[in-house]
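Reader: Hi! Could you walk me through this model?
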Amino acid sequence: MTREEVFETLNGVFQDVFDDESIVVKEETTADDIEDWDSLEHINLIAAVEQEFGIKFSMGQVVAMKNVGEMADIIMGQIKD
Amino acid sequence: MPASFTSFYFLCFYTFILLIYYLIPRKTQWVFLLFASAAFYLLTGNGLLILYPAAACLTAYGAVRVMAGTEDVKKRRWALAAALLLLIGALVVLKYINFGIYTINAAAFLCGAQGEMIGVFDFLVPLGISFYTFSILGYIVDVYNGIAKPQKNFFKTALYGMYFPSILSGPILRYREDGEQFFEPHPFGYRQVTFGLQRMVWGFFKTLVISERMNIVVNTVYDNYTAYPGSYIWIATICFAFQLYTNFSGSMDIVLGMSQTFGIRLPENFETPFFSKNISEYWRRWHISLGVWMKEYVFYPLLRTNMFMELGKKLRKKFGKKRGKQLTTFLAMLILWFTVGIWHGGDWKFVIGSGLLHWFYIVSGELLAPFFRKCMEKLSIDAKSKWVDGFRVLRTFFLVNIGFVFFRAASTTDACRMLASAVGVWNVGDLLRGGIFTLGLDVIETVIAIVSLLLLLAVSLLHQKGSVRERIEKKPVLFRFALWYALLFYIILLGHYGPDYSAAEFIYQGF
């Protein structure tokens, strides 16, 4: 999977979780950019991303990731393994 | 030495430490702070109880060393489990065992049993146990999760766990963010020391001038609430809200300011919480370090357990995506808020007033949000107008105050009786006809209290637009000195203190 493909899939997951088809995620997108992305939705988002890619984030990654770019880094790393 | 940052002896102790801190070689500063921290804990009358935080640090050190030395997942998990068991075990036994016993006895009594089923224990609880335990727990979990660097030196771990400014009343620290700076050399910086001292002065203003005055009114009414019904309970509760806020946030100003004079930045614990527009926002601005801790180490892990994942799936299937998701989070939040409540103390009044009641507010707020939105649309009220915002701030303050009645009342039963009286007795006239001056503050004292509260309000409003100290710094030197000296004299003249005067303890210190 290329990075573009990861972002494309992530975009779908974000649109689905936040129920908003206008969302377009970029490398630097953070929780501040999406209105409903609070701590509650963060965990739902993580669960949805894990399911979509068939991966598992560690608790450390869940709390430490700063933006969508970092999320994509972790996903890319795990898919390669 | 009393365990209070406002005592004369403590200020002597602190001045001595600060002087020596910048005179010794910088590499040894952290060692000196560790000695100072141990001395502080011993001098504040804890004596042998110092063994508890020391043992907690030793537990952290041991667990972290095991984790650092192996890649074996099983071993790491065992080290984590053992450390959590020891630390949480000590906290539960020392702080909560009597809560369990009281609850069992009360349940037995309701079922018709005579006398007490089980006798209560009489433990000496080490000061600050809830704060240092949480700081240390977070560190161990972060090392396990690979986001904090494991510390190799036991004495450095001990300084992180027992750092004297924050051990008694927080803020709860995060090693991965705050840890390393404790051990770095800190050269003397005029700006950092003066900024720190200025913040301490502001903390003294909050605690000695405002909190101590509010304390008098609160005690008068809460210690004898049958004699002060209706509106007296309202006024005393509002006073308590300001007492608790100025007491706790004032002590944080002293702690963070003091720490800043050592060149160590601690996390903020308050962000003008009474300006919050809803309860969720309030908890992001009141006791921030506790909220962050709870979110990271209780709420997230809970939602990621298999049990909650499965439950989420089932509920989504049954109630649809949106409702299902909502129900799962409400359930996890119930556990979260119970934990937040009980953290404040092993008593149902805390579990309700600082926990479950807030859960109820948030859940009902979420459920009723669509209804309120429709009402606003029908009445064509602009949801973004300043008036609506103002209403929301007042509503949130009111809801928080109901929780404070439980927090301050002697028991849950007393809190319920007081709330009933507050709603049932209408006597605002009495209060306005001079009743307000029978609560322990005469006319002059009341004026001082109101002026001081207005000053606090003005500074809080200014703070919304950035650091007040930085703005003062840019003013001409004469103005700056006049301002800080005026505040200092205001505190000296009007603060409740003195060698024989024991300020009410920091309320959060017992936790």
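Reader: Which domains does the domain assignment of chain B give?
Author: Domain 1 (8–188) and domain 2 (192–498) of chain B, with bounds from an automatic or database domain assignment. This is a predicted model: local features need pLDDT of at least 70, side-chain atom pairs count only at pLDDT 80 or more, and totals for chains, interfaces and linings use all residues. Residues are numbered from 1 along each chain as its sequence is written, while chains are lettered from A and ligands numbered from 1 in the order in which they are written.

Reader: How many residues does the contact take from each of these domains?
Author: Domain 1 of chain B puts in 25 residues and domain 2 of chain B 22, where contact means C-beta atoms, placed from the backbone, within 7 Å. On the domain 1 side, H5(B) has the largest share, five residues.

Reader: Switching topic, what about the largest nonpolar core?
Author: That core has 130 residues, and B:Ile136 is one of those with the most contacts inside it. A nonpolar core is a set of buried Ala, Val, Leu, Ile, Met, Phe, Trp, Tyr and Cys residues joined through C-beta atoms within 7 Å; buried means 20 or more other C-beta atoms within 10 Å of a residue's own, again placed from the backbone.

Reader: Where does this core lie, and why?
Author: Both domains of chain B give residues to this core, so it lies between them.

Reader: And which residues is B:Ile136 in contact with?
Author: Leaving aside neighbours within four places in sequence, B:Ile136 touches B:Ala56, B:Cys57, B:Ala60, B:Leu87 and B:Gly161.

Reader: Last one: how many residues of chains A and B make up their contact?
Author: Chain A gives 11 residues and chain B gives 13.

Notes: Two residues are in contact if their C-beta atoms, placed from the backbone, lie within 7 Å. A residue is buried if 20 or more other C-beta atoms lie within 10 Å of its own, exposed if 12 or fewer, and partly exposed in between; C-beta atoms are placed from the backbone. Helices (H or I, at least four residues) and strands (E, at least two) are DSSP runs, numbered from the N terminus.
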